Amino acid sequence: MYDAIIVGAGITGLSSAYHIKMRNPDARILVIDRYGTFSQGNTGRSAAGFRDFFSSRLNYILSASSISFYKHVQEDLKYDLGMIFNGYLFLLDKEYDKNDLLKYKHARIIEDDISDIFNMKNDNDLMNVASIKTAILSENAGIIEPDKLSSFYYKKLLEMNVDFMFRTEVKRLILSPRRPLDYAGEPFIWQDKYISGIETDHGIINGDTIILCSDVWTPLITDPLGIDSYIKPKKRQVFQISGPEIEKIIRMDRFTDTNVFPFTVFPSGSYIRPVPDNSSFWAGVADNTGRPFKLDDDPRAEIDFYNYNIKPIFDLYFPATRSSKVTTMWAGHYAYNTIDYTPYVFRNMNLIIVSGTSGSGIMKGDSIGRSVAAIYMHDKYVDLSEGRIDINDLSPLRTPQREEIVL
Ligand SMILES: Cc1cc2nc3c(=O)[nH]c(=O)nc-3n(C[C@H](O)[C@H](O)[C@H](O)COP(=O)(O)OP(=O)(O)OC[C@H]3O[C@@H](n4cnc5c(N)ncnc54)[C@H](O)[C@@H]3O)c2cc1C
């Protein structure tokens, strides 16, 4: 019998286990995953950029607080997370009012001429492409390595005697009456119910609290019980591109003092994420209309998607990529909260559900774990380093504040 069973050993499951255990050293905690080790789901397929540049206050606090914890882990605790503050450069095809920017901490308009790096003048009606009018650098932002970040939590959890069961699939949640009558058909609608445990392919395991950090797969677990997890899955792809011109610019010190080219977002939403260790960029885009909400068993990246959707944009705006080649590619899924693109962390009976990370779960991972721990402890608020969040604001019952900056 466990105090808490966490389904999912990705970043949100690991950080949830860590923060529950930090606050309850005696708690017996089990983390279960169907893969052979931790972070083999979307955490391991992420582009792993981080930024605190969000339009909603909630997303800002979740992200900025996680960034500050990750920085502490790397700089003070001396765990290398591969975290580099090379910034996010947003290239926009519209003028940006400087007063609008004041609401964003750690962001500034780039006033210098950057036309030697980017093609600023473009006017292609067919492709809906226009000239770059503003460049904004989000400075509390950059890249991180999810495997190193996950290893930090995993090692800590082993030291704290948290149990792991890998290669174990959760088949269903067991809904039971609190006061059983031993009568066929229980639980009846008038009985007080709870989740008494989980059925896995290795048998039944009982726990006082069940925590679902199972990302895009959560509806497969909750839907059969009529419990909503409020997410839709959508395939997302990453293409690694390499070439001599990329090698020349990747170690650029023009924007930050890190000597690494910024994570750069083009007007269409296409982005490049530098991989300085192998002189490449990862490229991607969050395509919306036309791409189905669908969960693939084995999602694969589509080279034609890169060639016909992403490359033409780079060819116009970013000469350094013209001679590049795709050297590897992969795909995963975003778990979209389609209402406001902001995570939900909420309780239903003795079940705690994390959902709707919407493509930014790495950069919010630590705060999500702290939020799970706060809900586990029945707190009213979660106090994060960059602000206090009312637990109700993490629930699907909140008044939505739709996030505008989703990549
Ligand atoms: C292409 C791509 C690019 C991305 N880029 C970024 C980025 O730049 N920055 C950022 O912050 N985020 C990014 N994300 C999003 C980020 O990767 C996710 O938000 C984050 O990894 C979610 O973490 P998680 O722990 O909730 O889920 P996951 O890492 O997916 O973990 C869920 C785990 O649950 C397990 N599981 C599910 N169901 C069961 C079951 N029934 N039984 C047993 N185990 C089960 C799975 O095996 C899996 O390991 C990106 C995602 C993708 C796909």
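Asp-296 sits in the loop between strand 15 (280-284) and helix 7. Helices here are DSSP runs of H or I with at least four residues, strands are runs of E with at least two, and both are numbered from the N terminus. With a relative accessible area of 19%, Asp-296 is buried. Buried means under 20% relative accessible area, exposed means over 50%, and partly exposed is in between, using a 1.4 Å probe and protein chains only. Leaving aside residues up to four places away in sequence, Asp-296 touches Lys-235 and His-333; a contact means heavy atoms within 4.5 Å.

A quick word on the source: this is a predicted model, where local features need pLDDT of at least 70, side-chain atom pairs count only at pLDDT 80 or more, and totals for chains, interfaces and linings use all residues. Residues are numbered from 1 along each chain as its sequence is written, and side-chain values use heavy atoms, with hydrogens and water left out.

Now take Thr-321, in the loop between helix 7 (303-317) and strand 16 (325-336). Is Thr-321 buried or exposed? Thr-321 counts as buried because its relative accessibility is 1%. Its contacts, not counting residues up to four places away in sequence, are Ile-241, Ile-246 and Phe-314.

Next comes the loop between strand 9 (170-177) and strand 10 (193-200), which is where you'll find Ile-189. Ile-189 is exposed, with a relative accessible area of 81%. Together with Leu-181, Tyr-183 and Trp-190, Ile-189 forms a nonpolar patch on the surface, with about 590 Å² of accessible area for the group. Patches are made of residues with over 30% relative accessible area and no salt bridge; like charges are joined within 9 Å, and nonpolar side chains (Val, Leu, Ile, Met, Phe, Trp, Tyr) within 5 Å. A salt bridge, in turn, is a side-chain nitrogen of Lys or Arg within 4 Å of a carboxyl oxygen of Asp or Glu. Pro-187 also lies in the loop between strand 9 and strand 10, and a cis peptide bond with omega of about 0° joins Glu-186 to Pro-187.

Two residues have a positive phi although neither is a glycine: Met-349 and His-378. Here they are together.

Let's zoom out to the chain. How many helices and strands does the chain have? There are eight helices and 20 strands. A compact globule of 407 residues would have a radius of gyration near 22 Å, and the chain has 22 Å, so the two agree. That radius is taken over C-alpha atoms, and the globule rule is 2.2 Å times the number of residues to the power 0.38. Along its principal axes, the C-alpha trace spans about 75 × 45 × 40 Å. Of the 407 residues, 57% are buried. Among contacts between residues at least 6 apart in sequence, 76% join residues at least 24 apart. The accessible surface comes to about 18200 Å², with 48% of that belonging to carbon and sulfur atoms. Such areas come from the Shrake-Rupley method with a 1.4 Å probe; for residues, only the protein chains shown count as cover.

Finally, an unreviewed UniProt entry annotates residues 3-374 as "domain: FAD dependent oxidoreductase". UniProt positions are given in the numbering used here, feature names are shortened, and annotations may be inferred rather than shown by experiment. The end C-alpha atoms of residues 3-374 lie 15 Å apart, and the span is 23% helix and 28% strand.
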